[in-house]
Amino acid sequence: MRILRIRKSSQHILVSAALLLAAALALRLGAGPAHAAAPVAVVIAGHRFTPPEVAVPAGVPLTLRVENHDPTPEEFESHEFPAEKLVPGGGAILLHIPPLKPGRYRFFGDYHPATAQGALVAR
Amino acid sequence: MLASLIIVFREVIEAGLILGIVLAATRGVGGRGRMVAAGLAAGLAGAVLVALFAGRIEALFAGSGQELLNVTILAAAVGMLAWHNAWMSRHGRAMGEGLRSLGHAVREGRRPLAALGIVIAVAVLREGSEVVLFLYGVAAGGAGAWAMAAGGAFGIAAGGLVALLMYRGMLTIPTRHIFTATSTMISLLAAGMAADAAAILQQAGFAQFLYTPLWSTAWLLGDGSIPGRMLHTLIGYTARPDGLQLLAWAATLAGFFLLTRAFAAPARRPAPASAT
């Protein structure tokens, strides 16, 4: 019987945790994407970024728009701020980046890392 | 040329790790060959579809199509892993202890092999679509069919080898521990996927909170290194986890633990002692 009771209680914990999580998510998701100021833009052309160094304000959430002028796809990625997203050939994407401390944050095109190198410079 | 080898190698290794765990978890189960084959085929077909329609997927949901698709398939994979672990905790322990014949357990319990097939499909789809798009770029850029063929062949061989090593490694685990070992690995796999999903929601702007990195172990093991990537697949390692990712990771791990307990087979009652 004891074992049965433990199992019941962990079932209750599971169900209530799941409900709480769902409620919390619904509340936050309902608010929709919180956009910072106008998106900062960077262009991919010839498997290079223009501008190679993008000046951004420090301490505020950022929206980055990456436009791909090449006909081939690219993957925009960074290991220094959270970003990993496919940019279709001839397409554009939006990325939401958390507030950055002042500094230089490198990013790259994962499909052409030899040439596609750039950085966000937060001030 | 080398770049195309490395990128395919990297992605195939990540799918191979997951395949290895699934193979080890289904050791000796009839019908698993069909399950693995169906999962691989569905994953490859899905990868090509996603690659073909990448532009259109992205345009959906106000530019968050990629993220929502990824979060959905990650959530599906976590759900399938949870279902499998719940089933295993009811029937697997007895099997591991050799109390019941495997065939009997499978007949009685209808082991959810399809769940694991879906997990394989998801792994192949996620890594595969990146490979397909990359190789398409190589081909369109005129770098030649050789680099593509070499990259593809090398990547598949390497991924297969990793899956095999993972599988063989897990086979060395003694039978009485195999249940705990596979459940733990599957829970960690799922926790990593949940943390990934959290990061993707943040990137899409749907979850703009708890986004400050808690610490950085980039000096020790970078996210871009091959060991870093392998650990990312296996246990959800990230050099700079933030609060939401950590929360998703820990909550999934706790959830899987509770699930295993909730569904655990009732202990065989020590017959006379329970009289009150």
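Predicted model: local features only at pLDDT ≥ 70, side-chain atom pairs only at ≥ 80, totals over all residues.
Among the contacts in chain B between residues at least 6 apart in sequence, 84% join residues at least 24 apart. In chain A, residues 24 or more positions apart account for 60% of the contacts with a separation of 6 or more.

| Chain | Residues | Buried residues | Helices and strands |
|---|---|---|---|
| Chain A | 123 residues | 30% | one helix and nine strands |

**Chain B**

From the N terminus on, the elements of chain B run α-α-α-α-α-α-α-α-α-α. Two of these helices, H2(B) with residues 32-52 and H6(B), have axes that come within 6 Å and cross at roughly 35°. The crossing of H2(B) and H6(B) is right-handed. Sorted by class, the residues in the contact of H2(B) with H6(B) are 22 nonpolar, six polar and one charged.

The largest nonpolar core has 92 residues, and the members that touch the most others are B:Ile18, B:Ile21, B:Ala77, B:Val119, B:Ala190 and B:Ala194. Helix H6 of chain B, spanning residues 113-140, supplies the largest share of this core with 17 residues. For one of the core residues, B:Ala77, the partners can be named. Leaving aside residues up to four places away in sequence, B:Ala77 touches B:Ile118, B:Val119, B:Val122 and B:Met193.

Another residue of chain B, B:Leu161, lies in helix H7, which covers residues 145-171. B:Leu161 counts as partly exposed because it has 13 C-beta neighbours inside 10 Å, and a residue is called partly exposed when this number falls between the limits of 12 or fewer for exposed and 20 or more for buried. B:Leu161 and B:Gly16 are 145 residues apart along the chain, yet their C-alpha atoms are separated by 8.0 Å.

**Chain A**

Read along the sequence, chain A follows the pattern α-β-β-β-β-β-β-β-β-β. Strands of a sheet pair through backbone hydrogen bonds, either parallel or antiparallel. Two sheets of chain A are described here.

One open sheet consists of four strands in the order E2-E1-E4-E7, with mixed pairing. Strand E2 (48-50) and strand E7 (92-97) of chain A each have a single partner strand, so one side of each is left without a neighbour in the sheet, and these two strands stand at the edges. From one strand to the next, the twist averages 25°. Within this sheet, strand E4 (residues 62-68) of chain A is joined to E7(A) by six bridges, and the two run antiparallel. A:Leu64 stands opposite A:Leu95 in E7(A).

The other open sheet has five strands in the order E3-E9-E8-E5-E6, and its pairing is also mixed. Its edge strands are E3 (53-56) and E6 (83-87) of chain A, each of which pairs on one side only. On average, neighbouring strands of this sheet are turned by 20° against each other, direction ignored. Strand E5 (residues 74-78) of chain A runs antiparallel to E6(A), and five bridges join the two. A:Phe76 stands opposite A:Lys85 in E6(A).

Definitions and conventions
Residues numbered from 1 in each chain as written. Chains lettered and ligands numbered in written order. Core = buried A, V, L, I, M, F, W, Y, C linked by C-beta atoms within 7 Å. Contact = placed C-beta atoms within 7 Å. Pairing = 2+ DSSP bridges. Axes fitted to C-alpha atoms, helices over the stretch in contact; angles between N-to-C directions. Left-handed = near helix turned anticlockwise from the far one by under 90°. Nonpolar A, V, L, I, M, F, W, Y, C, P; charged D, E, K, R; others polar.
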